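Colleague: I have a model open and want to learn how to read its features. Can you take me through a few?

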Amino acid sequence: MTDGEHDDPFGDEFADALALVNGTAPTRRGSGTTDRPGASGGGPAGYAAGCAEPAANGGTPEPGRAEEDRPATSGDARGAASTRPAPRSAGRTVTPWRTARDLAERAVPGPVEPGTAELADALGRTLAAPLKALTDLPSFDTSAMDGWAVAGPGPWRVDRAADDTGPGQDTGILAGHATTAVLPDGHALPIATGAPIPTGATAVLRSEHGEVLELPDGRARLYAPRPVPPGQDIRPRGQECRCGDQLLPAGTLVTPAVLGLASAAGYDELAVHPRPRVEVLVLGDELLRDGLPVGGRIRDALGPMLVPWLRALGAEAAPPRHLGDDAEALHEALARSTADLVITTGGTASGPVDHVHPTLQRLGAELLVDGVAVRPGHPMLLARLAPRRHLVGLPGNPLAAVSGLLTLAEPLLRTLAARHPAAPYRVPLAAAVPGHPRDTRLVPVAYRDDDRHGLVAGPLHFHGPAMLRGIAAADAMAVIPSGGAERGTEVELLELPWPTGWSAGWPTPDTCYDPAAPTGGTA
C-alpha cells in the first residue's frame, strides 16, 4: 500500500470505484473489468454509452437505450459476488449497490456549520448541541390534580385563599397565579391543576375523593374516605430535571415532542444544523404538468412526489423546475445553481436527448457513481459539481427514480443534515421474491402479521420501473440480494419516511428554498 492509499478517506474499495467511474483505473485483464475508451483523456470515460430502465417489468426498453435485463454470464456473477464494480455496457462500469450508498454518504465530510433557529423553524432539523435544561422542571412544587391542598391528616377546615376577596364560591389557588397562602395543620385550600403548592401543604386531595360539609357556624369542613399520604398528587420541584441536566444529546432530530420539551425547559431558539438546500430539475419534453395524457405525452409523476419526499428527509426543497429536453437550459441551470444538491430526473442514459452526461462533462464535474448494480434504477448517477455541491441523476421511470432517491440522495442528505442513519432493520419475507442474476433488487413491501413469523414484509405487486402503485401502498423497500430470497428469509428494509417522519413538519412556502435568492456565501 502506498502513502497515497493511506490518505484516501474511503479506503481501497471506494478508491477503486471512483477510479473506475472516472476512467483513471489501470486496465485489469481477466478480472471482469473491461478496457474503457477515453480513459487516457478527453473527459471521464463514464460519459460514454449507458443503460436505461425498461418501461415496466418485461417491457421494451426505450428506443436508443440499451436493454438491461440480459442473462448473466459467469464473469458477471463473480463480479456481483465481490465488492468490485461489475461491468455493464461498453464504456460504463457500475457500482455495487451498498458501495454506492456508502459513497453517497461520504461524498461530503459532514454538515455545514450549525446556527440557531427559533422553535417555530427548528422542526425537522438536527440538534447541533446538547439540549440542557435552563430551569428546574417543574420550577416549583405544583398540583397534579384539581382538588384541595391539605396540611396534615383530615378532616380539614376549608380556608379562603388569602388573595381571593370576591363574592361567591372560592376558586382557591389557580394555575399561573403566585400564592402567599400558608396552610396550618388541619386546614385545606381549593387548588387547580398546575397551581403552586402553598407553604405548609403536605398533599393534594382530588376533588372526586373529598366531600365538603357546611357547619352551622358557616364554616366548611373537608372529609376524605381514606387517609391521604404525604406527597400525594404533588409534583415536586425538579421532579423531571434540574437546571443544567442534559435532556437530549446533539444529533437528535427535532420532532414536535422535542419542541415541547425545549420550550418547557426555557428555550426560545435552538442550536441546529441548517436544512440542506435541494433543487429539482425535471427533464423530458414528453411530460405534462396537468390534464390527462394525450398525443403520446404523459403526466409528470416525479415533480409532485420528489419535493415533499425530500422535505421529509430534512431538506429545504424548491418547487420543481421543468426544463424539457433542452441541453442549454440544463447547462445554464446547473451552472447557476447554488443548491447543496441538484436532483435531475431522466436523461441519465445515452439516448439522443439524454443530456445529463454531456452537460456534466462540459461543466467539468467529477463522477462519483455512474450506474449502480440495482434494479430498478441502475442508470442513476452521483456527481460532484463543486467541493460541497453535488448532483444526483435519477432515471426517468418513477419507481426507478425512487430507487435512486433511496440509494444516492438519502445518504447524502443524511450527512448534510447531520442525521443519524437508521439502525439496520430486518424482517422475514411473507413470500418468495425472485432475484436479478447479478444485481440487488429493491421491492416495495407492506407489513402484516403472520402466524408463524410474526411481523413480516409482504411483497407488493406493480413494482415495475415505471409503476408507482406498489410504492404508494408500501411501508418500506426490501433489499433483495442477487439470486432472490425465499419466504421466511430475513431481508434488510429501507423504511419510507412517512411512518416516523410524516409529522416532522414541512417548511412553509415562505421558508422553501429559493434558487434565485442570495446565499450570503460561496457555494
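Colleague: Which residue in β8 stands opposite Arg157?

Modeller: Keep in mind that this is a predicted model. Strands of a sheet pair through backbone hydrogen bonds, either parallel or antiparallel. Here, Arg157 faces His187 of β8. The strands concerned are β7 (residues 156-158) and β8 (residues 187-191), paired in the parallel sense over two bridges.

Colleague: What is the strand order in the open sheet of six strands?

Modeller: Read it as β9-β6-β8-β7-β11-β10. The pairing is mixed. From one strand to the next, the twist averages 35°.

Colleague: Which strands stand at the edges, and why is one side of each left without a neighbour?

Modeller: They are β9 (203-206) and β10 (211-214).

Colleague: Now antiparallel pairing. Which strands pair with β23 in that sense?

Modeller: Strand β21 (residues 366-370) does, over four bridges. Strand β24 (residues 389-394) does too, over five bridges. A hairpin of two linking residues connects β23 to β24. Follow Leu382 in β23: Val369 stands opposite it, and its bridge partner in β24 is Val392.

Colleague: Is strand β23 mostly covered or uncovered?

Modeller: Mostly covered. Strand β23 spans residues 381-386, and six of its six residues are buried.

Colleague: How many residues does the largest nonpolar core have, and which have the most contacts inside it?

Modeller: General idea: in soluble globular proteins, nonpolar side chains tend to be buried together. In this model the largest such core has 46 residues. Trp309, Leu310, Ile343 and Leu382 have the most contacts inside it. Helix α10 (residues 398-416) supplies the largest share, ten residues. Another core lies apart, with 17 residues, including Leu119, Leu131, Tyr267 and Leu270.

Colleague: Take Ile343. What does it touch, leaving out residues up to four places away in sequence?

Modeller: Val278, Glu279, Val280, Leu281, Leu306, Leu310, Val392, Leu394, Leu405 and Ala409. You have met two of these: Leu310 is among the residues with the most contacts in the largest core, and Val392 is the bridge partner of Leu382.

Colleague: One last residue. Why does Arg275 count as buried?

Modeller: Its relative accessibility is 11%, and buried means under 20%, so Arg275 qualifies. Arg275 sits in the loop between β14 (269-273) and β15 (277-282).

Colleague: Which backbone oxygen does the side chain of Arg275 reach?

Modeller: That of Asp121, at 3.3 Å.

Conventions. Residues numbered from 1 in each chain as written. Predicted model: local features only at pLDDT ≥ 70, side-chain atom pairs only at ≥ 80, totals over all residues. Heavy atoms only, no water. Buried < 20%, exposed > 50% of the residue type's maximum accessible area, 1.4 Å probe, protein only. Polar contact = N/O pair within 3.5 Å; in protein donor to acceptor, adjacent residues only side chain to side chain. Core = buried A, V, L, I, M, F, W, Y, C linked by side-chain atoms within 4.5 Å. Contact = heavy atoms within 4.5 Å. Pairing = 2+ DSSP bridges. Axes fitted to C-alpha atoms, helices over the stretch in contact; angles between N-to-C directions.
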